Every structure is written in C-alpha cells, then in structure tokens.
Amino acid sequence: MSSETSVYKGIPVNTGPSAAESLNVQLPTDKELVLKMIPMPADCNANGDIFGGWVMAQVDLAGAVVPARHVDGRLATVAVNQFIFKQPVRVGDILSFFAVVTRIGTTSITVQVEVYAERFRSQGRYIKVTEASLTYVAIDDLGRPRKIVSAD
C-alpha cells in the first residue's frame, strides 16, 4: 500500500500525505504573519505533545490581531467555526501563526488562521499543524454587539 493508505478493520483508509511529503510545505503568501511562539514543557499533555487547548488559545490570540484593525475598539470571540489539528505540536517547535480576514459583516468579522511548525531540529522546513476559522464580534463597553466602523 502507498503511504496514503492504511487499513482499519479491513477497510482501506486514506491517511493523506506521508510525513516526508508534508514536511517542508511553503508558508502562505496571502496571509499575514501575526504571531510566533515556542511551546514549552509546561504546555504538554500526558503523551508529551502540546495540549490542544494551548494551541487553541494561541490561535484565538493570533486570530484577533487582524480584525482589531477593522473594529476600532473592543472585540470578543463569538465562534470557533472550524478547528483542525493536522499534526501534533511538540515542545520546542517554532510556531508561526498566519491570519487573514475572510468576511466582514455588520458587527462580526471571520478570520482564517493557519499554524506552521518548524521542528527544532529541522529549522527552515515547515509543516502545517493547525488550521481554524474564528468569528469575532465588535462590542461596546457593556459587552453588547456594535456596528463595525472600519478603522481603514
């Protein structure tokens, strides 16, 4: 079988590209680099990988960077529309978070975030570890939704 097929209960399953094929992907040029982080041992789960919740928190921070420029005031996360963990994140990975606004509504903004890791021992080569879509809403001082008055 190819590296893209495995067997589960006798049924062939497409498992995607092999690890060698998924290493050294190109970084996106249509999104903005908004955050770089290095996870530490305190961020690990019992398996030795980085907690998914830690990754989600960083994605939420990174996702808020670009819409903050449009909102001209407070904003809050109102939805995680999609969140896909593609590869595990490891201690010492150099994570690069790229974001782009995909939709601006009356009070809300949707953002696509992609996370790429440089494994500590193979710097300069990237692997996509996470992708997500989040929606933020502009809020007033009382936490109520308000119209977006673009700061552009």
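Colleague: Quick one on Lys-128: does that residue count as buried or exposed?

Modeller: Lys-128 counts as buried, because its relative accessibility is 19% and the cut-off for buried is under 20%. Keep in mind that this is a predicted model.

Colleague: Okay, and which side chains does Lys-128 meet in salt bridges?

Modeller: One of them is Glu-131, with 2.8 Å from N to O. Another is Glu-114, where the N to O distance is 3.4 Å.

Colleague: Where do Lys-128 and Glu-114 sit in the chain?

Modeller: Lys-128 is in strand β7 and Glu-114 is in strand β6, 14 residues apart, so to speak a link between distant parts of the chain. Both residues are buried.

Colleague: What about Glu-131, buried or exposed?

Modeller: Glu-131 counts as buried too, at 16% relative accessibility.

Colleague: Which residues make up the salt-bridge network there?

Modeller: Asp-30, Lys-31, Glu-114, Lys-128 and Glu-131 are linked in it.

Colleague: And how many salt bridges does the structure hold?

Modeller: There are 8. Among them is the one between Asp-140 and Arg-144, whose closest N and O atoms are 3.2 Å apart. Arg-144 is partly exposed, with a relative accessible area of 47%.

Colleague: Switching to the nonpolar core: which residues touch the most other members?

Modeller: In the largest core, which has 26 residues, those are Val-59, Leu-95, Phe-97, Val-113, Val-115 and Val-129. The elements giving two or more residues to this core are α2, β5, β6 and β7.

Colleague: Take Val-115, then. What does that residue touch?

Modeller: Leaving out residues up to four places away in sequence, Val-115 touches Val-59, Leu-95, Ser-96, Phe-97, Ile-127, Lys-128, Val-129 and Thr-130. Your Lys-128 turns up again in that list.

Colleague: Nice. How many aromatic pairs are there?

Modeller: A search of the whole structure gives 2. Phe-83 and Phe-85 have ring centres 5.0 Å apart and planes at 45°, so that pair is tilted. Phe-98 and Tyr-116 are edge-to-face, because their planes are at 85°, with the centres 5.8 Å apart.

Colleague: Why would you say that Phe-98 and Tyr-116 tie parts of the chain together?

Modeller: Because Phe-98 lies in strand β5 and Tyr-116 in strand β6, 18 residues apart in sequence. Both of these residues are buried.

Definitions and conventions: Residues numbered from 1 in each chain as written. Predicted model: local features only at pLDDT ≥ 70, side-chain atom pairs only at ≥ 80, totals over all residues. Heavy atoms only, no water. Core = buried A, V, L, I, M, F, W, Y, C linked by side-chain atoms within 4.5 Å. Buried < 20%, exposed > 50% of the residue type's maximum accessible area, 1.4 Å probe, protein only. Helix = DSSP H or I, 4+ residues; strand = E, 2+ residues; numbered from the N terminus. Contact = heavy atoms within 4.5 Å. Phe/Tyr/Trp six-rings, centres within 6.5 Å; stacked < 30°, edge-to-face > 60°. Salt bridge = Lys/Arg side-chain N within 4 Å of Asp/Glu carboxyl O.
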